[in-house]
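Keep the 3D view open as you read.

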Amino acid sequence: MEKSKKRLDDIDRKILANLQRDGRLTVQDLAARVGLTLSPCLRRVRMLEEAGVIRGYCAVVDQASIGLPISVFVQVKLERQREEELQRFDRALERFPEVVEAYLMTGVCDYLLRVVVADLPAYEAFLRDKLTRVEGVRSIESSFALKQAKSTLALPMG
């Protein structure tokens, strides 16, 4: 199945909603929650994985508890938005573990990044030693998050 062709029914949505709340559910618990027996539930989960609807499983780590309390939202403008410049910038971002999210944008900036660091000197080092050295970067504007009002990885299931 192709990612874009997978049509979700109510059971698929229940499976996804439950796995988003707790990715460590056993297949037995998941099946009971969505009203299926074990084999059909497992088959549906595997189909969702193969279709790319479920991309993977991970532990969600609290960034402050591991010494990375600062989130910086960075607007980057490039010199040009030609395909080769966009690809070069994308490749550079892959080398920067501090960048935890990156979006190609419309509007006032070309990219919006979320950068996670321990403190202001760490962000300064990231800017100086990494981001400003990427060829084709025209300007960088940084906004520091004061508080996280909401955070979820769960998508609305309707």
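Predicted model: local features only at pLDDT ≥ 70, side-chain atom pairs only at ≥ 80, totals over all residues.

## Sheet, helices and a pocket

S1 and S4 run antiparallel and are joined by seven bridges. On to the next pairing: S1 is also linked to S3, again in the antiparallel sense, and seven bridges do the joining.

Zoom out and you get an open sheet of four strands, ordered S2-S3-S1-S4, with antiparallel pairing. Which strands sit at the edges? They are S2 and S4 (137-144), each of which pairs on one side only. Ignoring direction, neighbouring strands in this sheet are turned by 20 degrees against each other on average.

Two helices go with this sheet. Helix H4 (residues 83-94) packs on the sheet and touches S1, S2, S3 and S4, with its direction at about 15 degrees to that of S3. Helix H5 (residues 120-129) lies across S1, S2, S3 and S4 too, and runs at about 165 degrees to S4.

Now for the helix pairs. As a reminder, two packed helices are described by the angle between their axes and the distance between the axes.

| Helix pair | Angle | Axis distance |
|---|---|---|
| H2 (residues 27-34) and H3 (residues 38-50) | about 100 degrees | 9 Å |
| H1 and H3 | roughly 80 degrees | within 11 Å |

How do H2 and H3 lie relative to each other, roughly parallel or roughly perpendicular? With an angle of about 100 degrees, H2 and H3 are therefore roughly perpendicular to each other. On the H2 side, the contact is made by Val-27, Gln-28, Leu-30, Ala-31 and Val-34, and on the H3 side by Leu-38, Cys-41, Leu-42 and Val-45. Sorted by class, the residues of this H2 with H3 contact are eight nonpolar and one polar, with no charged ones.

Turning to H1 and H3, their axes cross at roughly 80 degrees, and that makes H1 roughly perpendicular to H3. H1 brings Ile-11, Asp-12, Ile-15, Leu-16 and Leu-19 to this contact, and H3 brings Arg-44, Val-45 and Leu-48. This time the residues divide into six nonpolar, no polar and two charged. Val-45 of H3 is listed in the contact with H2 and in the contact with H1.

Last stop: the largest pocket, with a volume of about 1,800 Å³. Its lining is made of 43 residues, and those lying nearest the centre are Cys-58, Val-60, Thr-152, Leu-153 and Ala-154. By class, the lining has 24 nonpolar, nine polar and ten charged residues.

Which elements each supply at least two residues of that lining? They are helix H1 (10-21) and strands S1 (70-78), S2 (99-104) and S3 (111-117). H1 gives the largest share, four residues. So H1 turns up both in the contact with H3 and in the pocket lining.

Note on methods
Residues numbered from 1 in each chain as written. Heavy atoms only, no water. Axes fitted to C-alpha atoms, helices over the stretch in contact; angles between N-to-C directions. Parallel < 35°, antiparallel > 145°, perpendicular 65-115°, else oblique. Contact = heavy atoms within 4.5 Å. Nonpolar A, V, L, I, M, F, W, Y, C, P; charged D, E, K, R; others polar. 1 Å grid on protein atoms, 1.4 Å probe; cavity = no way out; pocket = protein on both sides within 12 Å on 5 of 7 lines; lining within 4 Å. Points joined across faces, edges and corners; volume = space filled by probe spheres on them. Pairing = 2+ DSSP bridges.
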